[in-house]
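Biologist: Can you take me through a few residues in this one? I'll ask as I go.

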Amino acid sequence: MDSDFANNLVGSLGVTGLISMIVSLVCIGLSWWALQNLKLDLFIRFPKSPQGKLLHLLLAIILGHFVAKFLLDYLNWSQMIKYMF
């Protein structure tokens, strides 16, 4: 009985981790796409340089991380509502 519970728990944690990774990557991709319209030449001297491209990538990762964290937290909070009643 305990072995079945442990296997279900491990499987559930694995699925949760996979979903988190997929949501994070999708959000980073969407952030990259959305940042394509940002005029970085107003802030960066040479936006096509390797440093400018790296900054663009880092901005996409940071923005995507925060969006993914919000979505995953919201999903977690919505799952907890059932324990209120």
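Biologist: Leaving aside neighbours within four places in sequence, what is serine 31 in contact with?
Modeller: Serine 31 is in contact with Ala60, Leu63 and Gly64, contact meaning heavy atoms within 4.5 Å.
Modeller: This is a predicted model, where local features need pLDDT of at least 70, side-chain atom pairs count only at pLDDT 80 or more, and totals for chains, interfaces and linings use all residues. Residues are numbered from 1 along each chain as its sequence is written, and side-chain values use heavy atoms, leaving out hydrogens and water.
Biologist: Is serine 31 buried or exposed?
Modeller: Buried, because its relative accessible area is 5%; buried is under 20%, exposed over 50%, partly exposed in between (1.4 Å probe, protein chains only). Serine 31 sits in helix α1, residues 2-35; helices are DSSP runs of H or I, at least four residues, numbered from the N terminus.
Biologist: Other topic. How many salt bridges does a search of the whole structure find?
Modeller: One, counting a side-chain nitrogen of Lys or Arg within 4 Å of a carboxyl oxygen of Asp or Glu. Aspartate 73 pairs with lysine 69, with 3.4 Å between the closest N and O atoms.
Biologist: Where do aspartate 73 and lysine 69 lie?
Modeller: Both are in helix α2, four residues apart, about one turn of the helix. Aspartate 73 is partly exposed at 25% relative accessible area, and lysine 69 is partly exposed at 43%.
Biologist: And tyrosine 74, why does that count as exposed?
Modeller: Because its relative accessibility is 51%. Tyrosine 74 is in helix α2, residues 50-80.

Conventions:
Helices (H or I, at least four residues) and strands (E, at least two) are DSSP runs, numbered from the N terminus.
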